[in-house]
Amino acid sequence: MTAPPVFIVCSERSGSTMFWQMLDHHPDLSFVTQGEFDYAVALVGDDGTRPTAQQFRRWAVADFEYVISGNQWDGSRSFDENVHAWLHATIGESTARPAAVVHRHADRLPFLFDDAQYVHLVRDGRHVAESCVRLGWNNDLWHAASRWIDAETEMDRLREQVGADAMIDVRYEDLVSDPIRVLDRICEFLGLRAAAEE
């Protein structure tokens with residue numbers, strides 16, 4: 001039986017790239033290509049409805065993260081089976097736990113993974129908004145802040161669905177200032193060997 005997957009869930013521009021790369025060094029975790037897995041839930045409805053194979057394939061050819069993942073749709077599998085295969089492909093025959101980052105629609109993950117554990121990375125929303133404006137994603141802080149607000153609203157819904165025991169909160173600022181302590185706390189939550197032991 002495969003160990004439950006681990007998902008880092010957070011707003012974009014919250015430090016998730018640095019964070020997943022830190023966790024990916026743990027021998028008992030293995031992240032999907034480039035860490036990103038938003039494409040797995042992008043077309044799942046708020047009520048859990050799944051896209052048809054045709055809907056997903058038509059959408060996926062234009063999704064950058066899906067394209068660079070190298071994943072292929074297997075017509076002999078259902079949507080759920082394809083998603084699970086993509087997530088688990090990274091671990092091969094190892095006993096590592098599959099892991100990924102989801103920035104958007106994280107509250108849809110429980111429809112696909114009923115046993116997952118979640119690491120909620122939260123960064124000061126003001127810094128997230130400033131980063132979005134600097135990248136040109138938004139023209140002003142007001143609209144940039146809505147990205148953070150929307151993501152954190154989804155995290156609240158996710159927590160209601162899975163319960164507090166399945167989710168741990170990690171502040172980006174704490175991760176940067178005291179990484180060993182934070183990583184040890186995450187390892188304890190996930191039931192993994194402590195970061196200091198690796």
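Visitor: How many aromatic pairs does the count come to in this model?

Guide: The count comes to 15 aromatic pairs. Rings of Phe, Tyr and Trp (its six-membered ring) pair if their centres lie within 6.5 Å; planes under 30 degrees apart count as stacked, over 60 as edge-to-face, and the rest as tilted. Please keep in mind that this is a predicted model, where local features need pLDDT of at least 70 and side-chain atom pairs count only at pLDDT 80 or more, while totals for chains, interfaces and linings use all residues. Residues are numbered from 1 along each chain as its sequence is written, and side-chain values use heavy atoms, with hydrogens and water left out.

Visitor: Why is the pair of F37 and Y39 called edge-to-face?

Guide: The planes of F37 and Y39 stand 65° apart, and over 60 degrees counts as edge-to-face. Their centres are 5.2 Å apart, so the two rings pair under the limit of 6.5 Å.

Visitor: What makes Y39 and Y66 an aromatic pair, and of which kind?

Guide: Centre to centre they are 5.4 Å apart, with 75° between the planes, which is edge-to-face again. This pair links distant parts of the chain: Y39 is in the loop between β2 and α2 (53–60), and Y66 is in helix α3 (residues 64–69), 27 residues apart. Helices (H or I, at least four residues) and strands (E, at least two) are DSSP runs, numbered from the N terminus.

Visitor: Why does F37 count as buried?

Guide: Buried means under 20% relative accessible area, exposed over 50%, and partly exposed in between (1.4 Å probe, protein chains only). F37 has 0% relative accessibility, so F37 counts as buried. Y39, at 2%, is buried too, and so is Y66 at 9%.

Visitor: What makes strand β3 mostly covered?

Guide: In β3 (residues 97–102), six of its six residues are buried. R97, A99 and V101 are on one side, with P98, A100 and V102 on the other. In a regular strand the side chains alternate between the two faces of the sheet.

Visitor: How do you know that β1 pairs with β3?

Guide: Two strands pair if DSSP finds at least two bridges between them. Four bridges join β1 (residues 6–9) to β3, and the strands run parallel. Here I8 stands opposite V101 in β3. Strand β2 (residues 29–36) also pairs with β3 in the parallel sense, over four bridges, and there E36 stands opposite V101.
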